[in-house]
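Here is a short briefing on one predicted model. Keep the sequence and the 3D view open as you read.

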Amino acid sequence: MAEAFLLIAAATGATLLLTVSAALIGIVLGAPLVLLAQSRSAILRGIYTVFVHVVRGVPALVWLFIAFFGLAELGIVLPALASAVLTLGIIAIATMAEIYRGGLAAIRQGQYEAGWALSLGRWSLAKDIIFPQLFRAVSPTTATYIVGLLKDSALASIIGVPEIVYVTGLEVQSLGHGLELFLFAGLIYLALSIPLGVVSRVIHVRLTRRYAVL
Amino acid sequence: MDKRMDPVHTDTRAIEVEHSSGHSFVQAEHLVKRFGEHRAIDDVSLSIAKGEVISLIGPSGAGKSTLLRLLNVLETPDSGTLRVGDAAMTFDGTPVKRARVLAIRRHTGMVFQSFNLFPHLSAVQNVALAQMRVLGRSKDEARTRALAQLERVGLAAKADAYPSQCSGGQQQRIGIARALAMDPDLMLFDEPTSGLDPEVGAEILAVMRELAADGTTMVMATHEMEFARHVSHWTCVMVEGAVIERGAPAQVFDAPEHERTRRFLSAVLGR
Ligand SMILES: Nc1ncnc2c1ncn2[C@@H]1O[C@H](COP(=O)(O)OP(=O)(O)OP(=O)(O)O)[C@@H](O)[C@H]1O
Ligand SMILES: [Mg+2]
C-alpha cells in the first residue's frame, strides 16, 4: 500500500507536465490566433471562427482518440504523452484565444483613441496600454481554465499516459483498496488546484487593487 | 500667354499662400466624412488662427464630434484638405500616409467626453507616458512636467491616485493635463463637461477659461451655451453635417441669421 501511494504521488509529475505544457502552448499560441479574429479580412476571421468552433465543439476525449488511434492509422504514430500534449495543447490554443478575445472586447475603443490622439506608436499602444489591461482582464479566467485543464489531463489515462489516474487505476487493479487510492488521487488534484486558485486570486487582487477592472 | 510662365500670376499665388498661412494655423477645406450613405460631415471648411477659441454648437447628431475627430484624423475624411501648422494632408479616399497623420496629431491634443484615462496608470503616469514614448523625454523630465501640468489643473495632490480613485471632474482634469503635457498647438475638446454634474463641470470650464486666457488655440464642441458665448472668439453652428452659420458669439447668439439656428437656440436656451 505504501508503495502504491508513492507511485501515485510520483505520477503527479506527468500530470503537471501535461497540464503545464498544454497551458503554455495555449497561452503562447492563443495570442497569434486571436490576431486572426481581429483581422480586417473576413476570410481570416472566418478561419478563426471555424477553428475555434471545431476544436471546442468536439469532446476532448474524441480528439484524444483521433490523435492517438486515428493518426496511427494514417501511419503517424505518436507516443501517448505526445498525443495528449498535442490534443490538450490545441484545445488550449482555441480556449485561450477565446479568453483573449473576450479580454480585448472589454477594452473600450476610447483607450485606443486616447493612445492615437497622443501619437503613441503601435508598439507602445500595445505594450503600455492594451497589454496591461488585457493581462488583468484575462488572468482570473485563465487561472480557472488552467484548473480545468489540470482535471482534464486525467483523460490522458485512457490512452495510457502514466499520470495520476492511470497509475492509480493500475495499483487498484493489482491491490484493490480503490476507495483509499482514488481518494488519495483526488486529494492530490485538490492540493494542486487550491493553491493555484489562491495564487491567482492574490495576483489579481494585487494587480487591480487600485482600480476597478473594466 | 502660358499662365505657368506668368510671373505676375505666380506672385499673386505666392502672396495668397503666405497670407493664408500667416493668418490661419488650422486650415480645413471641403471636408466630407460619410458613414455608409450618411454624410456626417458635409463639405465643411474651417480656418483657425493661433490663439483663437472656436465653439461648435448644434443639435445632437449634427457632426460636432466627427468634425473634431477629423481635425486630428481619428476619423479619415473621405475628401477635402487639412493643414495643421506645417502638416498638410489631402484626402481622396486612398489610404492615408501614417507619417502625415502623426505629424498632424503631434500638433493636437484631445480631451474626450468620457475622459478615456488609462485605468492601470496613476494620474502622473497617465500624463507622463506619451511624453516618454513620443517626445523621448526622460522619466524624470516627463514626471516633472506631468506634475507641473497636474498642478496647472489643480490636481497636484492627486498625482499618485488612480483614475478610479478620482471623481469625474478630477478625471477630466487629468485628461486635460495629459493632452497639455504634449505641448499641443491646438486643443480639441469634445463636450468635456457633459458627463459631469453642473457644479463639477464648472471646474472644467474654469480650467478651459484659463487655457483660453493663456492664448491656447482651442476648438470645443459644447452644449454649455453661456460658456461658448463668453469664452469663444467664434461660434460655428452645425446642423446635419454642415456649418450653417458662423460668427462672433454675440452675433450668433443674439442675432442669428439662420432660422434653424434660432430654433436650436430657443430649444436649448428655453426662450
Ligand atoms: N463611427 C460611426 N459610425 C457610423 N455613424 C457615425 C459614427 N460616428 C458618428 N456617426 C454618425 O454621424 C452623425 C454625427 O455624429 P456626431 O457624433 O459627430 O454628432 P454630434 O454633433 O457630436 O452629436 P452629440 O451632440 O450627440 O455628441 C450622427 O448621425 C452619428 O450617428
Ligand atoms: Mg458629440
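In this model, an N or O atom in the side chain of B:His38 is 3.3 Å from an oxygen atom of ligand 1. That is a polar contact, meaning a pair of N or O atoms within 3.5 Å; within protein, one must be able to donate a hydrogen and the other to accept it, and residues adjacent in sequence count only if both atoms are side-chain atoms. The model is predicted, so local features need pLDDT of at least 70 and side-chain atom pairs pLDDT 80 or more, while totals for chains, interfaces and linings use all residues. Residues are numbered from 1 along each chain as written, chains are lettered from A and ligands numbered from 1 in the order written, and side-chain values use heavy atoms, without hydrogens and water.

**Around ligand 1**

- B:Gly63 places a backbone N or O atom 2.9 Å from an oxygen atom of ligand 1.
- B:His223 has a polar side-chain atom 3.5 Å from an oxygen atom of ligand 1.
- On its own, ligand 1 has 630 Å² of accessible area (Shrake-Rupley method, 1.4 Å probe). The protein covers 61% of that area.
- The shell around ligand 1 holds 13 residues (a heavy atom within 4 Å). Among the closest are B:Ser60, B:Lys64 and B:Thr66.
- Helix α2(B) gives the largest share of this shell, with 3 residues. Helices (H or I, at least four residues) and strands (E, at least two) are DSSP runs, numbered from the N terminus.
- Both β2 and α2 (64-71) of chain B supply at least two shell residues each.

**The sheet**

- Four strands of chain B form an open sheet in the order β2-β1-β4-β5, with antiparallel pairing. Two strands pair if DSSP finds at least two bridges between them.
- At the edges are β2 (38-48) and β5 (87-91) of chain B, each pairing on one side only.
- Neighbouring strands are turned by 15° against each other on average, direction ignored.
- Strand β4 (79-84) and β5 of chain B pair over 5 bridges. In one of them, B:Thr81 has B:Thr90 as its partner.
- Helix α3 (98-107) of chain B packs on the sheet and touches β4 and β5 of chain B (contact: heavy atoms within 4.5 Å).

**A buried threonine**

- B:Thr261 sits in helix α10 (259-269) of chain B.
- Is B:Thr261 buried or exposed? B:Thr261 counts as buried because its relative accessibility is 0%, and buried means under 20% (1.4 Å probe, protein chains only).
- Leaving out residues up to four places away in sequence, B:Thr261 touches residues including B:Val237, B:Ile244 and B:Pro256.

Definitions and conventions: Buried < 20%, exposed > 50% of the residue type's maximum accessible area, 1.4 Å probe, protein only. Axes fitted to C-alpha atoms, helices over the stretch in contact; angles between N-to-C directions.
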